[in-house]
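Please read the numbered points beside the structure.

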Amino acid sequence: MTLLTTVFAAIICTVVWYKNAPKSEMKVGILCWLFWGASLMWLIDAIFEYAELGAAYFTPAPADMLNDLFLGLSVVALGLIIWLVILLVTDPKGVIKSALFKKK
Amino acid sequence: MACFLVPAAEAVITTVAAKMIKSGEKEETVSVCMPDGTVAEAVKTPFSTKLGWLNKLLWGGSALLAFEHVWHGEVVPYFPFLTAVKTGETSEMLAEMSSAGVMMAAIVTAVWAGMLGVSAVIERKSLRATASAKESAV
């Protein structure tokens with residue numbers, strides 16, 4: 001479920017990035033790298049778990065599934081926070097700068 | 001247990017490598033046929049930038065996986081930071097790092113290598129199309 005949540009986040013971010021490219025004012029590319037990197041790593045985790053559990057991997061207990069979904073959503077939230085911090089610190093549109101320095 | 005440490009270690013190495021490569025790199029300008037049909041001068045994406053793609057994949061993935069390990073109580077904010085070390089499961093942890101961790105680093109690197117291949121093909125095609133467009137114009 002964590003893998004699935006992250007893959008969906010990665011796909012959505014990639015579509016948004018492609019739609020706005022070549023402009024990258026919102027730095028959505030950062031989210032793509034974050035979520036694709038994590039998705040690939042969790043894919044390996046899933047393969048190892050599948051090798052251990054077999055078909056039972058696809059029938060998790062509802063409580064485990066809920067916990068994994070909760071984790072997946074938390075991961076997406078953390079990714080968005082990292083992106084937001086980078087966006088505000090780099091300030092590509094100059095919004096923070098113009099808020100701090102008002103023209104006379 | 002601590003599999004994310006392997007791609008994180010690779011990320012440190014590739015970040016240092018990207019910085020070193022960037023300092024000795026020269027800008028390569030080429031003529032490229034743009035999507036609107038015009039031919040324009042463009043700067044070719046340097047290798048350090050492409051290595052940056054791998055850095056971002058590795059750092060991003062490692063950061064989110066580190067969070068997952070904190071979530072599961074495998075990483076703690078106090079010494080020795082790894083629960084497996086505290087509970088005497090160091091050998092299991094190292095075995096997991098050498099299997100899942102190495103595979104994680106390998107798949108990310110393999111995907112990046114695939115991206116390099118695809119981008120090289122796209123670059124070559126664009127340059128060839130530009131050359132033939134110039135030839136037909138003459």
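**Notes on the model**

1. B:Cys3 is buried, at 1% relative accessibility. Here buried means under 20% relative accessible area, exposed means over 50%, and partly exposed lies in between, with a 1.4 Å probe and protein chains only. The model is predicted: local features need pLDDT of at least 70, side-chain atom pairs count only at pLDDT 80 or more, and totals for chains, interfaces and linings use all residues. Residues are numbered from 1 along each chain as its sequence is written, chains are lettered from A and ligands numbered from 1 in the order in which they are written, and side-chain values use heavy atoms, leaving out hydrogens and water.

2. A disulfide is a covalent bond between the sulfur atoms of two cysteines; the criterion applied is a pair of cysteine sulfur atoms within 2.5 Å. Over all chains, the search of the whole structure finds zero disulfides.

3. In chain A, helix H1 (residues 2-20) packs on helix H2 (residues 28-53) at an angle of about 150 degrees, and the axes are 8 Å apart. The pair is therefore roughly antiparallel. Angles under 35 degrees count as roughly parallel, over 145 as roughly antiparallel, 65 to 115 as roughly perpendicular, and the rest as oblique. Axes are lines fitted to C-alpha atoms, for helices over the stretch in contact, and the angles run from 0 to 180 degrees between N-to-C directions. Helices (H or I, at least four residues) and strands (E, at least two) are DSSP runs numbered from the N terminus.

4. Which way do H1(A) and H2(A) cross, left-handed or right-handed? The crossing is left-handed. That term applies if the near helix is turned anticlockwise from the far one by less than a right angle, and right-handed applies if clockwise. Residues of H1(A) in this contact include A:Leu3, A:Val7, A:Cys13 and A:Trp17, and those of H2(A) include A:Cys32, A:Phe35, A:Trp36 and A:Trp42. Contact means heavy atoms within 4.5 Å. By class, the contact of H1(A) with H2(A) has 17 nonpolar, five polar and no charged residues. Ala, Val, Leu, Ile, Met, Phe, Trp, Tyr, Cys and Pro count as nonpolar, Asp, Glu, Lys and Arg as charged, and the others, Gly among them, as polar.

5. H2(A) also packs on helix H3 (residues 62-90) of chain A; the axes come within 9 Å and cross at roughly 145 degrees. This crossing is right-handed. From H2(A), A:Leu31, A:Phe35 and A:Trp42 are among the residues that take part, and from H3(A), A:Gly79, A:Trp83 and A:Ile86 are among them. The contact of H2(A) with H3(A) has 12 nonpolar, one polar and no charged residues.

6. In chain B, helix H1 (residues 5-23) and helix H4 (residues 90-137) pack at about 45 degrees with axes 7 Å apart, and are therefore oblique to each other. B:Leu5, B:Val6, B:Pro7 and B:Glu10 in H1(B) meet residues of H4(B) including B:Met97, B:Gly101 and B:Thr109. The classes here are seven nonpolar, two polar and one charged.

7. B:Ser62 sits in helix H2 (residues 47-71) of chain B and is buried, with a relative accessible area of 4%. Not counting residues up to four places away in sequence, B:Ser62 touches A:Met41, B:Phe4, B:Pro7 and B:Ala8.

8. Backbone geometry deserves a check at two loops. Most residues other than glycine have a negative phi, and most peptide bonds are trans. A cis peptide bond, with omega about 5 degrees, joins A:Ala21 and A:Pro22; A:Pro22 is in the loop between H1 and H2 of chain A. A:Lys27 lies in the loop between H1 and H2 of chain A and has a positive phi of about 55 degrees. In chain B, a cis peptide bond joins B:Phe79 and B:Pro80, with omega about 5 degrees. B:Phe81, in the loop between H2 and H3 of chain B, has a positive phi of about 70 degrees and is partly exposed at 42% relative accessible area.
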